[in-house]
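Let's take a walk through this structure together, going from the overall fold to a few particular spots. Have the 3D view open and follow along.

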Amino acid sequence: SRARDLRTAAPPFCRAPLIAWSGRKRAEGEARRLQTRVRTSAMGVLGGCCTFSVAIGIVPLSVIVAVFLETPTVLELDAASLEASSSSSTEAAADGEQSSGSTSGEFGKADAEGFGGGGMFDRIAFVYDSTNKWMSLGLDQFWRKTLVQECLKLEKGDRVLDLATGTADVSLLVGGRLRDLGADTSAGPVVMGLDPSGEMLRRGVAKVEGQGLDGMVRLVKGDAQDLTSVRGIDAAGVLTEPMDGVAAGSIDKISMSFGIRNVPDRAKAFREMKRVLRKQDTSRVCILEFSLPDGEKFLSKVAKTFITKVVPFIGKIATMNSGSKEYEYLERSILKFPKPRDFAAQMTHEGLRATSITSFAFGAVHLYAASPV
C-alpha cells in the first residue's frame, strides 16, 4: 500500500520508475516465498527419506541381531521317534522312485553334471572361505566351534577323521584342541582331514602349516564313500601316489561340516563311517549341515529367503559370475536335503544312532550327533 501511495503522489514523470521498482520488489518477495516453500518441502522429503531408510535398515539389522542372540535349540532323539521318521522317509523315497524311475535323485544327477564333487569345489576354492563368512554373517566359525567343543567331546588320546574338510577349518580347530590336551603325535598326526577337492586341500595345507599344526593334522584327497584309499597333498597341490586309507575300527571321532548333502550316496558314506569307527561309548559322529527352514515364523521365513535368494546372489558377485552355477547348485542341494528328523533317521538306519539335533539360525543349520550302534 505504501508503494501504491508513492506512485499516486509522485509526479507523472516519476511514476514509471516507481512502478518498475515496486514490481521488482513484489517479484523478489514472491521468489523468497517460493524459495522458502521449496526449502520446506525439500526438508520434508529428505526427512521422510531418512526415516524410510532407517526403517528399511532396522529390519535386516534386527534380523542380524536376532541371529546373533539366538539360543540354539537341542532336540534329544529316542529310538521310537527315529523309527517313525525312518518309515515315513522310506515311503517317501519309494514314492519318489516310482515317479522318477531313479534312486539317485538330485544328488546323482548333479554329480553326473560335475556339480557337488571335487571339481566343482576346485572352481570356487579361491572365494570359498570369504563367501562362507558373508553367507553366514560370520557365524560359520561359531557353528564349527560348537561342533568341536560341544559335540565331539575330544579326549587326549582321540584319533579324529574330518570329512569334507575343505580348507581345513574344522581340522584346525580339532588339531588345536588336541594340542592343548597334550595329544601324543609320536606315531604321526592324529587328525586326518579328507576332501575330494585338491584346490581346497592345497589352501588347507597352507593354513595347517601357518598355524604350526602340520605334525598334528594331515590332509588327504579322498572320497567319503570309500575311505580305503587316499592320496597325500602338499601346499603346492602336488599329490602322492594312492596309499592305504582309513583302517576299520581306527577312529574315535568323525566330523563333517557342510559336505554330506554333496555326497552322491549318503548311505555308503554312513556305512564307511561306521566301519572306521571304534565301537565304544565315547565314539562320536558330528555332522553340521544346512537345511531349508520351515518358514512358519517370521525369522524362519527370512532365513528361508536368504538361502533361496541371497546365497546364489553372493556367490555370483564373489566369483564375478564365474561360479554362479556352482552356488545355484549349492542352493538347490539345500532345497533337496531331507528334513532334520528324516536325515537323523537315515543315519540311524545305516548304523549311526542319532542322539540329538541342535538347530541354529532359525532352522537353517543343524548339528547332528550320533554314535555307532
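Among contacts in the protein chain between residues at least 6 apart in sequence, 73% join residues at least 24 apart. Keep in mind that this is a predicted model. The protein chain holds twelve helices and ten strands, and of its 373 residues, 42% are buried.

Now for the inside. In soluble globular proteins, nonpolar side chains tend to be buried together. Here the largest nonpolar core has 33 residues, and Trp143, Leu147, Val174, Leu178 and Leu288 are those with the most contacts inside it. Which elements give two or more residues to this core? On the helix side they are H6 (140-152), H7 (169-181) and H8 (198-210), and on the strand side E4 (217-223), E8 (284-290) and E10 (365-372). H6 gives the most, with five residues. There is also a second, separate core of 32 residues, and Leu77, Ile260, Met273 and Leu277 are among its members.

If you skip its neighbours within four places in sequence, Leu147 is in contact with Leu152, Val170, Ser255, Met256, Ser257, Cys286, Leu288 and Leu367.

Next, look at how H6 sits against H7. Two packed helices are described by the angle between their axes and the distance between the axes. For H6 and H7, the angle is about 45° and the axes are 10 Å apart. That angle is why H6 counts as oblique to H7. Their crossing is right-handed. As for who meets whom, H6 brings Gln141, Arg144, Lys145, Leu147, Val148 and Leu152, while H7 brings Asp169, Val170, Leu173 and Val174. Sort the residues of this contact by type and you get six nonpolar, one polar and three charged.

Between strand E6 (243-244) and strand E7 (253-257) you'll find Ala248. Is Ala248 buried or exposed? Ala248 has 55% relative accessibility, so it counts as exposed, the cut-off for that being over 50%. What is Ala248 in contact with, leaving aside its neighbours within four places in sequence? The partners are Arg275 and Val276. Arg278 is worth a glance too: Ala248 and Arg278 are 30 residues apart in sequence, and their C-alpha atoms are 7.9 Å apart in space.

Conventions. Residues are numbered from 1 along each chain as its sequence is written. This is a predicted model: local features need pLDDT of at least 70, side-chain atom pairs count only at pLDDT 80 or more; totals for chains, interfaces and linings use all residues. Side-chain values use heavy atoms; hydrogens and water are left out. A nonpolar core is a set of buried Ala, Val, Leu, Ile, Met, Phe, Trp, Tyr and Cys residues joined through side-chain atoms within 4.5 Å. Buried means under 20% relative accessible area, exposed over 50%, partly exposed in between (1.4 Å probe, protein chains only). Helices (H or I, at least four residues) and strands (E, at least two) are DSSP runs, numbered from the N terminus. Contact means heavy atoms within 4.5 Å. Axes are lines fitted to C-alpha atoms, for helices over the stretch in contact, and angles run from 0 to 180 degrees between N-to-C directions. Angles under 35 degrees count as roughly parallel, over 145 as roughly antiparallel, 65 to 115 as roughly perpendicular and the rest as oblique. A crossing is left-handed if the near helix is turned anticlockwise from the far one by less than a right angle, and right-handed if clockwise. Ala, Val, Leu, Ile, Met, Phe, Trp, Tyr, Cys and Pro count as nonpolar, Asp, Glu, Lys and Arg as charged, and the others, Gly among them, as polar.
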